[in-house]
Amino acid sequence: MATTNINPTDAAIAKVESGGNYSAANPQSSARGKYQFMPDTFAGVQRNNPNLPKISFEEFQKNPEAQEQYQQALRLENETILKRNGLPQTPANAYFTHQF
């Protein structure tokens, strides 16, 4: 299990998405992991954040530390989008932006 300190927003997203299960796999989509990343979301976060580990989506699914790192990067990207659009940083908005 990852030892990273978990942001409260990330913890709430994980609870809803997977119950906090790093091995979660949605049987109705290709969403995987604690935060239910889709392959395209994973690729976009990796592309936008060159400091993240360069791993495949398959490796990501098995790596709790990477899941935490990628989620943190996605959350920061989403917070920037909300701020740029004059929207408040609320839990609901954080979850909404996580979906897209």
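Me: Does T97 count as buried or exposed, and at what relative accessibility?
Reply: In this predicted model, T97 has a relative accessibility of 12%. Buried means under 20%, so T97 counts as buried.

Me: Where is the place of T97?
Reply: T97 is in helix α5, which covers residues 91–98.

Me: What does T97 touch, leaving out residues up to four places away in sequence?
Reply: With those neighbours set aside, T97 touches N78 and L82. Helix α4 spans 64–84.

Me: And how are T97 and S30 placed, by C-alpha atoms?
Reply: Their C-alpha atoms are separated by 18 Å, and the two residues are 67 residues apart along the chain.

Me: Back to the helix. Which are the buried residues of α5?
Reply: They are A94, T97 and H98. Viewed down the axis of α5, these buried residues fall within an arc of 105°, so they line one face of the helix.

Me: Why would residues three or four places apart point the same way?
Reply: An α-helix has 3.6 residues a turn, so residues at that spacing point the same way.

Me: What covers the buried residues of α5?
Reply: The cover includes α1 and α4.

Me: Let us take α1 and α5. At what angle do they pack, and how far apart are their axes?
Reply: Helix α1, residues 8–18, packs against α5 at an angle of about 60°, and the axes are 10 Å apart. The two helices are therefore oblique to each other. Their crossing is right-handed.

Me: Which residues meet there?
Reply: From α1, the residues are T9, I13, V16 and E17; from α5, they are A94, Y95 and H98. By class, this contact has four nonpolar, two polar and one charged residues. A94 and H98 also belong to the buried residues of α5.

How values were computed. Residues are numbered from 1 along each chain as its sequence is written. This is a predicted model: local features need pLDDT of at least 70, side-chain atom pairs count only at pLDDT 80 or more; totals for chains, interfaces and linings use all residues. Side-chain values use heavy atoms; hydrogens and water are left out. Axes are lines fitted to C-alpha atoms, for helices over the stretch in contact, and angles run from 0 to 180 degrees between N-to-C directions. Helices (H or I, at least four residues) and strands (E, at least two) are DSSP runs, numbered from the N terminus. Angles under 35 degrees count as roughly parallel, over 145 as roughly antiparallel, 65 to 115 as roughly perpendicular and the rest as oblique. A crossing is left-handed if the near helix is turned anticlockwise from the far one by less than a right angle, and right-handed if clockwise. Contact means heavy atoms within 4.5 Å. Ala, Val, Leu, Ile, Met, Phe, Trp, Tyr, Cys and Pro count as nonpolar, Asp, Glu, Lys and Arg as charged, and the others, Gly among them, as polar. Buried means under 20% relative accessible area, exposed over 50%, partly exposed in between (1.4 Å probe, protein chains only). The arc is that of the directions from the helix axis to the C-beta atoms.
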